[in-house]
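User: I am new to this structure and would like to understand how its parts meet. Please guide me through the interfaces by question and answer.

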Amino acid sequence: MSSRSAETWEQTPPLPEGHYVSGRVYNDEEIFSDEREHIFKKIWHFVCHESEVAEIFDFRTTERADVPLIVTRGEDGRIRTFINVCSHRGARVVMEPGGNARTHTCFYHHWTYDTQGSCVSMPRPEGYDGTGVCKENMGLREVKTEVKWGFVFVNLDDESPLLDEYLDGALDIFDQVLPKAELEVFHYHRAEIDANWKAYQETIVDLYHEFMHVILRDTQMPAASMDDREMRTYANGHVTIAGLKADYDKYEGWTDRNDASCFPGLDPDDARFAPLFPAQTFITRGTVMRVDTVQPITAHKCLIESRGLGLKGESEEERMMRIDHHNEYWGPFGRNVTEDAFAAEGCEFSFGKGAALRGIIARDEGGKGQCDSGLRGFWTEWSRRMGRPFSHPTND
Amino acid sequence: MPASNDAVRELIYRSCRCLDLQDFDGYIALCAPAFRYRITLYSPELRKEMIWLNHDRDGLTALLAMVPRHLVRLGTLQRNATVYTIDRNEADSRADVMSAFSVFNIDNEGRPSVFAVGHYHDTVDLSDDQPFLLSRNARLASRDLGIGSHIPI
Ligand code: FES
Ligand SMILES: [Fe+2]
């Protein structure tokens with residue numbers, strides 16, 4: 001047998017249900033809007049690191065589930081999040097991506113809010129006499145915010161479980177690192193790519209695609225036994241991958257990192273990943289840490305936000321080393337992330353309009369090697385939240 | 001005889017053309033031994049300066065030599081540059097040269113899109129009639145590079 005006929009191409013593969021993903025999940029508009037309601041409006045989202053709002057009155061703006069947000073540090077030192085929408089007639093309140101301001105005045109009719117979300121002034125309030133509209137009940141909508149090891153998470157659902165319940169211990173693969181290190185973000189970039197958000201996130205969970213990256217073929221695959229790898233899936237769809245190693249000098253032109261100053265508790269050749277459901281990833285590689293989020297824009301477009309972190313107070317020389325190490329792999333001119341985005345766009349080409357019918361996630365290496373168990377864990381949680389089996393998510 | 005401004009302009013344009021054609025040896029030949037290449041930009045999110053690439057001449061040579069082994073952005077990149085200012089320091093035989101650039105991506109179907117916009121801040125060695133690049137800071141004004149690029153700007 002070589003090529004396939006329409007019949008054999010279209011028929012359900014001879015695999016257990018959970019071992020293939022229907023192509024509809026990448027292109028169906030109803031699925032896309034259900035994802036916003038059932039997943040992105042319900043889960044805890046990493047929004048920024050506390051070093052981005054280090055000082056009193058510092059703020060950052062961003063968006064999650066199409067909801068614009070302001071994250072700000074109040075006079076009491078607490079980090080709070082508000083929907084960046086004016087209570088008056090719905091205009092955007094804060095325009096800048098970051099800054100420092102004691103109050104925020106809406107450009108439209110000059111209602112002013114403080115860093116605790118209270119409306120502190122509105123011009124000519126007497127015009128509302130007798131209507132019940134007054135600054136006391138016109139504050140910004142606050143969004144649940146929790147900080148874990150310096151990482152700021154928000155949840156748009158007031159009824160959600162606590163952050164730790166959502167994380168379910170998945171970040172504990174960094175518990176030798178994160179509680180001991182005071183971190184600082186030195187790299188931030190955002191990039192829109194032409195792909196469904198899941199196609200990008202899958203590149204992080206899919207270890208089999210190591211073959212696609214020269215750097216992983218050269219530095220990671222030969223560096224340790226496939227049997228030393230440990231991929232763990234969590235009931236709520238998070239995945240952790242530990243036991244990866246890298247010999248960086250095996251890539252032509254790179255040097256080893258053996259004497260480099262690492263994050264506490266990590267060896268220079270250590271690599272570990274925690275892709276959290278649905279699309280936020282924490283990764284360390286000995287000397288560097290990256291945190292990514294992917295957000296849906298349309299069924300065919302997503303936004304990647306990527307951060308690089310170093311140790312607060314480190315020397316200029318150490319910081320430069322960390323920046324270089326980050327850029328080698330992960331910067332927009334690096335050798336790795338660019339290729340993952342290429343892969344996601346390559347899948348969009350075929351899934352976007354339905355030419356590709358399904359993807360196979362049937363590798364079973366018992367959580368070692370290049371096992372697809374992480375992908376199956378991701379998709380199982382997707383099905384649970386969406387109320388649709390990922391192998392047959394629509395009625396057609 | 002020190003390099004003329006015309007020769008400096010030609011150096012900048014030639015550097016763009018070499019990268020467009022992926023003539024990496026040709027590009028490196030325009031760089032002095034002490035060459036330093038950087039891509040920098042300001043992040044209004046972090047309110048900090050960022051460095052997105054940082055190499056000496058050897059590092060850049062090695063990086064460019066590996067490009068053919070990688071899975072790179074489809075199509076070609078085309079740089080359009082204009083030299084804005086050449087500030088000569090005859091005593092040091094150097095010039096600070098500032099140029100505007102836009103980089104277009106032309107995909108395999110021929111569709112153009114803007115990849116990046118910014119300025120080159122170059123230092124040029126004028127001591128001979130043939131000028132060389134001593135440093136290039138490709139300063140990005142745009143910050144969203146889509147899938148990114150293995151080839152510097
Ligand atoms: S919409 Fe903001 S003050 Fe009117
Ligand atoms: Fe990858």
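User: How many salt bridges are found across the interface of domain 1 of chain A and domain 2 of chain A?

Analyst: The model is a predicted one. The domain assignment of chain A places domain 1 at 45-159 and domain 2 at 170-386. One salt bridge in the model joins R307(A) to E52(A), with the closest N and O atoms 2.7 Å apart. Across the interface of the two domains, the number of salt bridges found is 3.

User: Which element gives the most to the side of domain 1 of chain A that touches domain 2 of chain A?

Analyst: Across this interface of domain 1 and domain 2 of chain A there are also 7 residue pairs in polar contact. On the domain 1 side, the elements that give two or more residues are β2 (45-49), β3 (58-64) and β11 (151-155) of chain A. With 5 residues, the element that gives the most is β2(A).

User: Which three residues supply 42% of the area that domain 1 of chain A buries against domain 2 of chain A?

Analyst: In chain A, 16 residues of domain 1 are in contact with 21 residues of domain 2. The area buried between these domains is about 1,500 Å², and carbon and sulfur atoms give 59% of that area. On the domain 1 side, 42% comes from three residues, more than from any other three: F46(A), W149(A) and F151(A).

User: How many salt bridges are counted between chain A and chain B?

Analyst: Contact between the chains involves 37 residues of chain A and 36 residues of chain B. A salt bridge links R69(B) with D218(A), their closest N and O atoms being 2.9 Å apart. Between chain A and chain B, the count of salt bridges is 2.

User: Which element of chain A provides the largest share of the side that touches chain B?

Analyst: There are 17 residue pairs in polar contact across the interface of chain A and chain B. Elements of chain A that each supply at least two residues to this side include β12 (183-193), α6 (316-330) and α7 (337-351). The largest share, 10 residues, comes from β12(A).

User: Which residues in chain A lose the most area to chain B?

Analyst: Chain A and chain B bury about 3,100 Å² between them, of which 61% is given by carbon and sulfur atoms. Three residues together account for 26% of what the chain A side buries. Those that lose the most area are F333(A), R335(A) and F342(A).

Technical notes. Residues are numbered from 1 along each chain as its sequence is written. Chains are lettered from A and ligands numbered from 1 in the order in which they are written. This is a predicted model: local features need pLDDT of at least 70, side-chain atom pairs count only at pLDDT 80 or more; totals for chains, interfaces and linings use all residues. Side-chain values use heavy atoms; hydrogens and water are left out. Domain bounds come from an automatic or database domain assignment. Contact means heavy atoms within 4.5 Å. Buried area is the accessible area (1.4 Å probe) that two parts lose on being put together, summed over both. A salt bridge is a side-chain nitrogen of Lys or Arg within 4 Å of a carboxyl oxygen of Asp or Glu. A polar contact is a pair of N or O atoms within 3.5 Å; within protein, one must be able to donate a hydrogen and the other to accept it, and residues adjacent in sequence count only if both atoms are side-chain atoms. Helices (H or I, at least four residues) and strands (E, at least two) are DSSP runs, numbered from the N terminus.
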